[in-house]
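Dear colleague,

Please find the structure below, with a summary of the findings after it. I would be grateful if you could read the two side by side.

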Amino acid sequence: AKDRGRAHYRYYQQQMNLSFPNEALMESHLRRAIEKEELSIHFQPQVDLVTDEINSFEALLRWNNRKFGYVTPMQFIPLAEESGMIMQIGDWVLEEVCIQLKYWQEKGHRPVRIAVNISPKQFKQENFAMKILEKINKYQISPCSLEVEITESAMTDMQDTFAMLKELKDIGVIISIDDFGTGYSSLSYLKKYPIDIIKIDQSFIKDIESDEKNAAIATMIIRLAHSLGMEVIAEGVEKDKQVDILKAANCQKAQGYFFSRPIPIADINEAYM
Ligand code: C2E
Ligand code: CA
Ligand code: CA
Ligand code: CA
């Protein structure tokens with residue numbers, strides 16, 4: 001039995017490690033991933049901790065290569081960023097998300113929002129807001145059904161960042177700060193930029209039930225966000241005890257494996273729509 005367990009484990013490991021032998025090969029496959037229809041998007045529900053309702057999802061990119069199997073975003077997003085392919089891929093994600101929003105809107109579903117991860121390179125394009133506006137117009141979706149998740153690391157240049165966020169805000173899309181608290185940036189931008197939502201990084205939520213320091217930080221972020229008139233979403237919630245603590249701290253929304261893993265759109269339609 002022990003041997004079988006080992007063999008099974010090894011098989012699993014092999015599956016996991018079935019990766020590209022080198023970056024150049026991964027890059028050449030990634031280049032054709034869109035046309036070969038190897039990319040897809042999974043959606044992770046964000047749960048309203050007060051009403052238990054689900055009215056928003058985060059879009060997370062998935063790549064299933066024909067030859068090498070699943071490649072995690074942690075592996076291919078950095079490569080896509082270095083090579084500049086993230087522009088095309090990010091554009092594809094935005095397009096797919098708008099198509100989905102349009103579909104729900106036409107079906108007469110209740111208003112639902114989808115959050116899209118925006119890489120720093122995308123955000124720094126001068127015409128980024130214009131591109132967003134074009135898609136919103138093309139699909140005739142409500143601007144506030146689209147949320148852009150931007151990390152602190154994308155907000156290096158104060159003037160440019162402010163101008164871009166202002167443009168996005170004027171269009172009416174929702175702006176959130178992803179991985180909040182991990183970007184080593186000053187807090188002063190919170191009062192200058194038109195930010196709607198702060199997403200507490202999962203490193204602070206992990207062990208929040210046993211780590212007093214993490215609990216203190218998360219609680220502080222929630223209070224800070226509220227006093228600035230922003231919404232808060234806690235990420236990486238895996239246990240019911242974490243939910244209890246977040247509720248006690250007045251956190252409005254949470255996402256994580258405790259509620260649901262990121263799942264294909266067909267399953268979202270079946271389970272939530
Ligand atoms: P992120 O934006 O911080 O996304 C959250 C990550 O945490 C996702 O990993 C999600 O699957 C995972 N997660 C969700 N709930 C839990 C939980 O309860 N516990 C744990 N341990 N993890 C949880 P994923 O999908 O592998 O994505 C990793 C990163 O790749 C994302 O981090 C984001 O930075 C990037 N990414 C994913 N999709 C896109 C995309 O379309 N565009 C860009 N630019 N980046 C993307
Ligand atoms: Ca995110
Ligand atoms: Ca995050
Ligand atoms: Ca991240």
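Predicted model: local features only at pLDDT ≥ 70, side-chain atom pairs only at ≥ 80, totals over all residues.

The sulfur of C144 lies 13 Å from the closest cysteine sulfur, that of C98, which is too far for a bond. A disulfide is here a pair of cysteine sulfur atoms within 2.5 Å, and the structure holds zero disulfides. C144 is partly exposed at 45% relative accessibility, whereas C251 is buried at 3%. In these terms, buried means under 20% relative accessible area, exposed means over 50%, and partly exposed lies in between, with a 1.4 Å probe and protein chains only.

Residues are numbered from 1 along each chain as its sequence is written, chains are lettered from A and ligands numbered from 1 in the order in which they are written, and side-chain values use heavy atoms, with hydrogens and water left out.

The calcium sites

Donors are N, O and S atoms within 2.8 Å of the metal, or 3.2 Å for Na, K and Ca; water is not among the atoms, so sites may look incomplete. Helices (H or I, at least four residues) and strands (E, at least two) are DSSP runs, numbered from the N terminus.

The calcium ion (ligand 2) is coordinated at 2.1 to 2.3 Å by E58 (OE), N117 (OD1), E149 (OE) and D178 (OD). Along the chain, the donors of this ion follow the spacing E-x58-N-x31-E-x28-D. Distant parts of the chain are linked here: E149 belongs to strand 5 (residues 146-151) and D178 to strand 6 (residues 174-180), 29 residues apart. E149 is buried, with a relative accessible area of 1%, and D178 is buried as well, at 7%.

E235 is buried, with a relative accessible area of 8%.

Which residue bridges the calcium ion (ligand 3) and the calcium ion (ligand 2)? The bridging residue is D178, and the two ions lie 3.8 Å apart.

E238 is partly exposed, with a relative accessible area of 47%. Contact means heavy atoms within 4.5 Å; not counting residues up to four places away in sequence, E238 touches Y257 and F258.

Helix packing

Helix 2 (residues 23-31) and helix 3 (residues 73-83) pack at an angle of about 80°, with their axes 10 Å apart. That makes helix 2 roughly perpendicular to helix 3. Axes are lines fitted to C-alpha atoms, for helices over the stretch in contact, and angles run from 0 to 180 degrees between N-to-C directions. Angles under 35 degrees count as roughly parallel, over 145 as roughly antiparallel, 65 to 115 as roughly perpendicular and the rest as oblique.

From helix 2, residues E23, M26, E27, L30 and R31 meet Q75, F76, L79, A80, E82 and S83 of helix 3. The residues of this contact divide into five nonpolar, two polar and four charged. In that division, Ala, Val, Leu, Ile, Met, Phe, Trp, Tyr, Cys and Pro count as nonpolar, Asp, Glu, Lys and Arg as charged, and the others, Gly among them, as polar.

V47 is found in strand 1 (residues 39-48) and is buried at 6% relative accessibility. V47 and K253 are 206 residues apart in sequence, yet 5.4 Å apart in space, C-alpha to C-alpha. Leaving aside residues up to four places away in sequence, V47 touches D52, E53, I54, Q252, K253, A254 and F259.

Most residues other than glycine have a negative phi. E37, in the loop between helix 2 and strand 1, has a positive phi of about 55° although it is not a glycine. D52, in the loop between strand 1 and strand 2 (54-65), likewise has a positive phi, of about 65°. E37 is exposed at 69% relative accessibility, and D52 is exposed at 56%.

Yours sincerely
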